Amino acid sequence: MVSPRFSSQLPSGFGLSDRFPCMLERSIRQWRGSQDTILLLAVAHPSKVLELQMQKSSFKFKAGQYLFLNCPFLSKHEWHPFTITAAPEEDFVSVHIRIVGDWTGKLWRLLNSEQQLGVVQENLLTAPNGASILRIDGPFGAASEEAFDFENLMLIGAGIGVTPFASILKSVKYRLMLAPHGTKLRGIKKVHFFWISRDRSAFEWFNDLLAALEQENYNSFLNIHIYFTGGLKDKEVQQIADAEKLGENDPITGLHARTHYGRPNWDQIFTDIAHQHPHSEVGVFFCGPAVLSKNLRAQCLTHTSSAVGGCRFVYHKENF
């Protein structure tokens, strides 16, 4: 996820009335961000994804929201937005950061100087210069926050675009754990989860959550659909074919749900889901590239029926 860089300079020509809102916003952010934030855990995942688990006593959030993150050691005034991947039921707040730019690269080297995978930092409060290691501001609302307004959901993530749905799926998991056995979650009846990635190793960091949801899939509320769109060498194809003969779990993800190879047939998918949910609204939440977003929006319009007993798709796009 590419994050914008915020300049400390205001454009020339700004008058006092123009400057005041910017100055006020910066002052509020500096005040909220000045409260101590503890980096409980930093985990380096495959495909250069950095997970940060943080704790800040005054920070309360909802599933689907995002925050702004600052590392004073790198830049006092540079804040970047990231989707929250923890659930409100957990005692920490987390983000998953894809290392793609200058600032994220510097953060990766600061927290993972030996370029390892796994846990690379624990219980860190200050940077090498004594400043706070991290500051967070928020939370802020996002489109995915409305997911719990629907009984039926399609959650679609492409690559690192899966991050907004980590918080939602985790929250569903905890609500299921707290609900009496055999009862349905209030509000949510069915979740169709789609994850599309061309990087085989990208599936690894999210697998623990998906595996736990498969085991605790009360009332079969969750359908998982994984699509691998990258290339495979002949040797890898043979290894996958052999593994599928030997075990019941998928050789790519380790899940019970089988991986599909190639791009999803969205027209057929929307047709099938419309048949499964007559007389219903289906909330469609997507995070990923604009070209796929355009296609999904068109599919929602095409497959929404105004007839009695028809299915209506309601589209929401997360910023990517």
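## The largest pocket

A pocket is an open set of points, on a 1 Å grid over the protein atoms alone, where a 1.4 Å probe fits and which has protein on both sides within 12 Å along at least five of seven lines, and its lining residues have an atom within 4 Å of a point. In this predicted model, local features need pLDDT of at least 70 and side-chain atom pairs count only at pLDDT 80 or more, whereas totals for chains, interfaces and linings use all residues. Residues are numbered from 1 along each chain as its sequence is written, and side-chain values use heavy atoms, with hydrogens and water left out.

The largest pocket is lined by 22 residues, and A158, G159, I196, R198 and T229 lie nearest its centre. By class, this lining has 13 nonpolar, 5 polar (Gly counted here) and 4 charged residues. At least two lining residues come from each of β9 (190-197) and α7 (290-303), elements taken as DSSP runs (helices H or I, at least four residues; strands E, at least two).

## S197 in strand β9

S197 lies in strand β9 and is buried (under 20% relative accessible area, 1.4 Å probe, protein chains only), with a value of 5%. Leaving aside neighbours within four places in sequence, S197 is in contact (heavy atoms within 4.5 Å) with G159, A202, F203, Y227, F228, T229 and G230.

## A three-stranded open sheet

An open sheet of 3 strands has the order β4-β3-β7 with antiparallel pairing, where pairing requires at least two DSSP bridges between two strands. Because β4 (79-83) and β7 (135-140) each have a single partner strand, they stand at the edges, and one side of each is left without a neighbour in the sheet.

Strand β3 (residues 66-70) is joined to β4 by 5 bridges, and Y66 has T83 as its bridge partner in β4.

Conventions: Buried means under 20% relative accessible area, exposed over 50%, partly exposed in between (1.4 Å probe, protein chains only).
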